[in-house]
Amino acid sequence: MNDDHGSIFDGLLGGDSSQWAFGTDFEDPLAGVDTTTPDGVDPAELAAYCLMLGDDALIMSQRLSEWCSRAPDLEEDIALANMALDLLGQARLLLARAAAADPRVVPGLPEGSPVPPEDALAFFRDDRDFRNVRLAEVANGDFAHVVVRLLMFSTARLALLERLCVSRDHVLAAVAAKGVKEVAYHRDWAGRWFVTLARGTEESRRRLLAALDALWLLQAELVAPHPLEHSLALAGVGVDPASLRDPVDAVLGQVLTAAGLDRPERAPLAGVGGRTGRDGLHTEALSLLLAEMQVVARAHPMGRW
Amino acid sequence: MTTIPAEPDLEARLQAGFDATIARRDRIEPRDWMPDAYRKTLVRQIAQHAHSEIIGMQPEGNWIGRAPSLRRKAILLAKVQDEAGHGLYLYSACETLGVSRAELTGLLLSGRQKYSSIFNYPTLSYADVGTIGWLVDGAAICNQVPLCRTSYGPYGRAMIRICKEESFHQRQGYELLMTMMRGTDEQRAMVQESVDRFWWPSLMMFGPPDANSPNSERSMAWGIKRNSNDELRQKFVDMTVPQADALGVTLPDPGLRWNEERGHYDFGEPDWRELAAVIRGDGPCNAQRLAHRRAAHDDGAWVREAATAFAEREGAR
């Protein structure tokens with residue numbers, strides 16, 4: 001019976017790991033890459049910056065992956081999983097970069113634990129140590145909610161990655177160059193659905209407006225200047241979010257016009273004592289998200305997966 | 001469709017042509033004449049297979065949010081995404097027989113078409129992700145590899161691609177279990193417990209024993225099916241026992257032993273009453289799986305309506 005496909009089971013046995021050609025089978029995602037911190041840059045600052053960008057991607061990916069098997073159509077199910085995978089890939093590289101720049105950011109684990117740094121960072125930090133914007137973490141809503149969230153998130157991230165391609169940090173520049181192609185698709189997908197829902201039916205327009213109303217107040221945080229980002233921008237390593245404001249505004253303005261919608265008038269969501277996501281001060285949603293995401297890993301700090 | 005002038009022996013000639021194609025082990029293609037019963041059998045089988053891919057996203061999807069490493073999360077998410085892709089190819093193959101994806105989805109949601117019973121079992125630990133890859137995808141491959149040579153062209157071609165991806169999934173599952181077996185005592189116990197739960201349901205994936213398989217004979221004659229349920233089950237057991245040894249787990253069957261005379265492993269009888277109960281709808285997760293699918297479909301209705309309305313309006317401009 002296996003005339004054409006007799007080889008399917010060949011090589012299933014044995015401990016040679018080279019047979020598992022998954023493209024993901026490496027312990028250190030930055031193996032072979034120059035990870036020296038550029039001159040004049042504080043490694044702790046670089047690590048904190050990588051955590052900001054990495055956590056944005058990781059938490060957004062976790063929310064997108066919750067859509068798996070729940071989308072309105074198979075094509076959209078596949079698209080949402082694709083975007084979750086892209087962001088997960090970016091998160092892995094950025095968390096690994098953070099750990100390489102400053103190993104002190106990696107939470108301590110029992111002696112001999114095989115958990116790699118990217119996983120120690122993803123699964124063994126508490127919510128206060130996450131540096132993502134609050135937009136990424138709020139609980140999912142309906143399909144309009146994911147479209148609006150992705151549009152705002154990917155518009156800002158694409159503008160950022162485009163500028164990060166020339167970072168003096170080789171790893172950040174490489175992550176950005178790869179990410180630009182991915183996030184351009186995310187923005188395109190979200191923009192097309194945004195216009196479709198706005199101009200589709202009364203119901204879709206109503207839902208889109210509700211999602212816009214619920215999420216717009218989280219938009220400003222994406223381009224809010226943070227002292228750390230400002231200092232790394234001066235050093236030629238990071239991007240100052242303040243410089244993204246105009247281009248992001250222009251893109252969102254175009255999409256809103258195409259959709260026939262006015263720009264929502266919502267003041268940014270306040271922080272607590274002036275602190276927001278980038279400072280480790282989150283919504284109630286994040287610790288719940290982490291409770292799910294981290295539960296298995298934390299139960300097995302000595303585990304191999 | 002072209003109108004064919006009435007001819008008394010036309011039907012007989014078409015049937016003879018069809019039979020000759022089957023006898024040559026050649027492919028039947030969408031525009032070829034085929035007996036109604038052949039078409040119906042194919043629609044039933046391909047749709048059931050497509051539905052299985054879509055419902056099959058749930059048991060493993062259950063663990064995406066809790067995957068214990070980022071690498072495993074990426075592997076699992078990509079795998080479940082592949083299943084959605086398999087569903088798409090298969091619905092497309094089915095559409096060549098004149099049934100739309102929307103109709104087939106309706107038949108799944110109303111319970112008139114079935115999906116593989118294995119997906120009505122719960123996933124209770126992360127090891128289940130590996131076990132499903134190894135045993136469930138392994139059993140599926142045994143069932144599906146012969147289908148690459150099935151008599152209906154679009155189905156056979158879809159199966160070639162699906163089998164390649166399934167074999168990749170099977171290796172990933174086995175590799176997860178292998179890695180866990182090199183981990184802690186708790187992890188090894190987790191793997192064994194998972195294999196204990198999935199072994200018998202995996203054997204049931206080949207369907208009832210040949211003596212009780214009402215549709216098998218005709219499907220074999222038509223070249224839709226190439227091997228009997230019992231042949232494939234034996235093949236799976238023979239293939240899996242050495243893999244279990246290499247992994248270091250015990251398959252939960254005291255009757256499992258090598259039979260020198262037959263050149264095959266002897267094995268115990270699955271609990272066919274349990275299979276019947278699960279097929280009847282009384283399995284541990286039947287209601288949950290269908291409710292999840294219905295909710296996704298219903299929640300997405302307004303989106304599909306909006307997309308249709310938008311496309312019509314844009315098209316009219």
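**Entry 1. Chain B, overall.**
I began with the radius of gyration of chain B. The model is a predicted one. For 317 residues a compact globule would come out near 20 Å, and chain B has 22 Å, which agrees. I then took the extents of the C-alpha trace along the principal axes of chain B and noted about 75 × 60 × 30 Å. Chain B contains 13 helices and 2 strands. I looked up burial next: 58% of the 317 residues in chain B are buried. Of the contacts in chain B with a separation of 6 or more, 77% are between residues 24 or more positions apart.

**Entry 2. Chain B, surface and charge.**
I counted charged side chains in chain B and found 39 positive and 42 negative. The centres of those two sets in chain B are 4 Å apart.

**Entry 3. Chain A, overall.**
I repeated the look-up for chain A. At 305 residues the compact-globule value would be near 19 Å; chain A has 20 Å, so the two agree. The C-alpha trace of chain A spans about 60 × 60 × 35 Å along its principal axes. I found 10 helices and 0 strands in chain A, and the order along the sequence reads α-α-α-α-α-α-α-α-α-α. Buried residues come to 56% of the 305 in chain A. For contacts in chain A with a separation of 6 or more, the share from residues 24 or more positions apart is 77%.

**Entry 4. Chain A, surface and charge.**
I noted an accessible surface of about 12200 Å² for chain A, with 53% of that belonging to carbon and sulfur atoms. Chain A carries 28 positive and 45 negative side chains. The centres of the positive and negative sets in chain A lie 6 Å apart.

**Entry 5. Aromatic pairs.**
I listed ring pairs over all chains and got 12. I opened A:Phe143 and A:Trp189: their ring centres are 5.8 Å apart and the planes stand at 75°, which makes the pair edge-to-face because planes over 60 degrees apart count as such. A:Phe143 sits in helix α5 (residues 143-164) of chain A and A:Trp189 in helix α6 (residues 170-199), so far as the chain goes 46 residues apart, and the pair links distant parts of it. Both A:Phe143 and A:Trp189 are buried.

I then opened A:Trp305 and B:Tyr126. Their ring centres are 6.1 Å apart with planes at 85°, so this pair is also edge-to-face. A:Trp305 belongs to the segment after α10 (284-299) of chain A, while B:Tyr126 is in the loop between α5 (101-109) and α6 (127-144) of chain B, so the pair joins two chains. I checked accessibility on each side. A:Trp305 has 12% relative accessibility and counts as buried; the limit is under 20%. B:Tyr126 has 1% and counts as buried.

I also asked which residues form one aromatic cluster. The members are A:Trp67, A:Phe143, A:Trp189 and A:Trp193.

**Entry 6. A contact across the chains.**
A:Trp193 came up again when I looked at B:Ala307. Neighbours within four places in sequence aside, B:Ala307 is in contact with A:Trp193 and A:Thr196. B:Ala307 lies in helix α13 (residues 301-316) of chain B. Its relative accessibility is 26%, so B:Ala307 counts as partly exposed.

A:Ser69 is in the loop between α1 (43-65) and α2 (74-101) of chain A.

I then asked of each: buried or exposed? A:Ser69 has a relative accessible area of 3% and is buried. B:Arg25 has 54% and is exposed, since the exposed class starts over 50%.

Notes: Residues numbered from 1 in each chain as written. Chains lettered and ligands numbered in written order. Predicted model: local features only at pLDDT ≥ 70, side-chain atom pairs only at ≥ 80, totals over all residues. Heavy atoms only, no water. Helix = DSSP H or I, 4+ residues; strand = E, 2+ residues; numbered from the N terminus. Rg over C-alpha atoms; globule rule 2.2 N^0.38 Å. Buried < 20%, exposed > 50% of the residue type's maximum accessible area, 1.4 Å probe, protein only. Contact = heavy atoms within 4.5 Å. Areas by Shrake-Rupley, 256 points an atom, 1.4 Å probe, with all protein chains shown as cover. Lys, Arg positive; Asp, Glu negative; His and termini not counted. Charge placed at Lys NZ, Arg CZ, Asp CG, Glu CD. Phe/Tyr/Trp six-rings, centres within 6.5 Å; stacked < 30°, edge-to-face > 60°.
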